[in-house]
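User: Could you take a close look at one part of this model for me, the strands that pair up and the loops beside them? I would like a connected walk through it.

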Amino acid sequence: SFNDTFSLGGDAASQHLWAAHKERLTRSFDKLRAGWPEARVDRRDPFALRAVLILALALGFIIHGGEVKERVTAAFTIPASARTLATRIDAWITPPAYTAKAPVMIADGIRAFTSLTESRPEVTAPENSELVVRINHPDATGFTTRLVDEATPDAPPLAPDAVSTASLAEFRAKLGTSTTLEIADGGVVIARWRLNVLDDRAPSIAVTESVSVAARGAIQIKYHVEDDYGVASAKALIKQANDIGGELAPGARAQTQAPKRLGEAPVIPLPLPRASLKSGGGQTFKDLTAHPWAGLPVVMTMIAEDQAGQIGGSDAGTFVLPERVFRKPLARALIEQRKALVNRPDRPERVLKALDALTTEPEGIFPEFSIYLGVRSVYWRLRNDGQLPAIESAVAQLWTIALKIEDGDLPEAERELREAQERLAKALDENASEEEIQKLMNELRQALAKFMDAMRENSQNAQQNEQNGQQPTKQVTSKELEKMLKDIEDLAKTGSRDAARQLLSELQQMLENAQTGQNSQNAQSQEMMNQLDELSNLMAEQQKLLEETYEAKRKSEGAESGEQEGQRGQQGQQGQRGQRGQQQGREGQQGQSSERGQQGRSGQQGEQQGASLQELRERQEALRQQLDKLREGMQGVNPGSRQKLDDAARAMEEAAQSLGQEDADSAAGQEASAVDSLREGAKSMAEQMM
């Protein structure tokens with residue numbers, strides 16, 4: 001062979017011959033070809049045990065057909081180190097409380113790390129959610145957590161939280177945009193999740209109707225708010241139209257050279273029907289006739305804010321701020337001097353001369369000596385102190401004196417009433433305690449009583465109206481107002497704060513649009529007011545009937561339970577009498593009669609209950625007939641009110657039928673529907689009348 005060597009010795013010819021042989025063998029290597037391998041396993045496995053392995057592999061494919069790819073991939077994947085396998089990772093996302101969303105779990109510490117870096121479903125959470133990652137390991141400081149995306153692929157790692165220790169690493173971050181969470185061990189990523197963050201949109205607010213003026217001069221603002229998670233607060237800002245480049249009203253003249261008028265831009269809080277309102281409307285009244293800008297064109301901007309602090313707004317347009325018209329000469333003269341101070345606070349000299357002239361001979365000019373003293377105090381304040389605070393105080397006092405001359409005690413009572421309404425509305429918004437609500441309700445009652453007394457004193461005498469051929473003024477009755485206050489109080493006590501807010505808003509609307517008694521009503525309005533009073537009494541009777549039906553329902557349920565027990569006791573006594581003798585039977589009958597005296601009361605209660613439901617049915621039928629008679633006499637009532645009263649009559653008829661069938665449960669629901677329809681009809685009639 002080629003590896004053989006020439007033996008020692010031999011002549012030169014033999015050596016040349018050996019060299020030629022090796023050269024020939026070397027040239028033949030280029031023609032060598034390898035044959036097919038022959039394992040010859042049959043020599044080592046004569047019993048064909050290798051078929052068992054092939055069969056086991058086939059069974060594995062059948063049993064784990066859906067996981068074949070993952071298992072084969074895992075067989076060729078470098079396994080995690082022992083350090084990583086000893087790690088526990090817990091991660092979750094906590095949405096903001098105002099979203100009312102449940103926390104989202106990302107990792108619970110039990111998932112294998114071999115699959116945490118693969119493609120995983122997106123985790124969705126609201127904007128401003130808090131991400132929390134906890135890593136438990138003897139050497140937790142060796143792990144890093146990052147939030148990366150396309151814009152920041154090399155984002156720095158998150159700093160550990162203050163509670164972190166050598167064996168516990170905690171990381172926290174607020175999620176503002178969609179990102180990817182990566183957890184690495186010594187530079188090697190061991191877990192990855194895609195976090196999809198839902199944008200928190202800014203709230204929106206807009207007026208639903210043009211700003212209007214109520215009967216008593218307050219502006220009425222109706223608006224609609226909307227937000228994806230709920231509006232936290234809303235307000236309206238008012239600025240002078242010429243201060244912000246807006247268009248002036250016809251006939252208004254811009255004051256480009258004059259100094260700034262007195263007064264700050266008013267901010268009107270806008271109450272919401274309920275807390276964290278996602279979508280809904282509201283309304284509010286605000287009396288700005290005392291503001292120095294009254295009578296000037298203004299621009300109103302609506303602003304809403306959500307729980308995240310985002311602000312949305314809209315322009316509500318330009319309008320002229322309502323101005324109070326004074327009829328009495330002295331009040332009108334004081335208001336003219338007030339306007340002069342407001343327009344030119346830097347020149348109070350002319351106002352001083354006018355006030356001094358008015359108070360030179362007070363007899364026959366001032367109706368009360370206290371009013372004269374008030375005007376003189378304004379004069380001396382302006383003369384001794386010409387600074388801005390003194391001028392602002394003089395402007396406010398001149399307004400108060402003019403109202404006192406014009407309306408007597410009505411302005412003060414009106415102010416106290418509005419303040420009491422605002423305090424109660426604020427308490428309902430803030431979910432105040434029942435004790436606080438009760439206290440504010442009492443204050444509102446007192447303020448309302450004072451206001452009604454002032455309105456009656458300020459109105460014209462009914463007898464004088466009749467002599468002039470007019471109908472006496474019919475104002476909102478105290479009984480009707482007290483009923484609304486009672487309903488507000490009951491709703492607040494039962495936890496229906498949203499309904500209480502709505503009813504308080506309706507009360508405010510009714511009072512703001514109530515006339516002071518100077519304008520008489522016609523015969524049709526007088527008749528409608530009488531019908532509204534009757535409807536209010538009918539609604540009270542229907543509410544009382546509903547309460548008694550609920551009580552009858554409760555007794556009926558207790559009677560049925562007692563009757564079943566009485567029947568079981570009676571059957572037991574009859575069995576004992578059949579087994580005992582005649583004498584023992586008499587004793588059993590005595591025991592039975594005693595037991596029936598206790599357990600049989602349920603049957604008597606059932607008979608009494610039936611009689612009670614029949615009595616309720618008769619009363620319900622009488623109320624329905626009373627409503628039918630009232631509906632027949634109504635003239636000029638709007639279709640909405642009439643439809644509500646028709647619905648109430650239908651519900652009353654169904655309730656009477658249910659009571660006749662001794663079905664107290666169904667009757668209670670139908671009576672409640674009747675009460676609601678009566679309330680809606682009365683509300684619509686009151687709005688039409690106003």
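This is a predicted model: local features need pLDDT of at least 70, side-chain atom pairs count only at pLDDT 80 or more; totals for chains, interfaces and linings use all residues.

Four strands form an open sheet in the order S2-S1-S4-S6, and their pairing is antiparallel. S2 and strand S6 (168-175) are the edge strands, each pairing on one side only. Ignoring direction, neighbouring strands of this sheet are turned by 10° against each other on average. As a general point, strands of a sheet pair through backbone hydrogen bonds, either parallel or antiparallel. S1 and S4 are joined in the antiparallel sense over seven bridges, and Arg88 stands opposite Asn136 in S4.

Now to the loops. Most residues other than glycine have a negative phi. Ala100 is not a glycine, yet its phi is positive, at about 60°. Ala100 sits in the loop between strand S1 (88-94) and strand S2 (104-108). With a relative accessible area of 71%, Ala100 is exposed.

Asn128 also has a positive phi, about 70°, although it is not a glycine. Its place is the loop between strand S3 (123-126) and strand S4 (129-136). Asn128 has a relative accessible area of 27%, so it falls between the two cut-offs and is partly exposed.

Conventions: Residues are numbered from 1 along each chain as its sequence is written. Side-chain values use heavy atoms; hydrogens and water are left out. Helices (H or I, at least four residues) and strands (E, at least two) are DSSP runs, numbered from the N terminus. Buried means under 20% relative accessible area, exposed over 50%, partly exposed in between (1.4 Å probe, protein chains only). Two strands pair if DSSP finds at least two bridges between them. Axes are lines fitted to C-alpha atoms, for helices over the stretch in contact, and angles run from 0 to 180 degrees between N-to-C directions.
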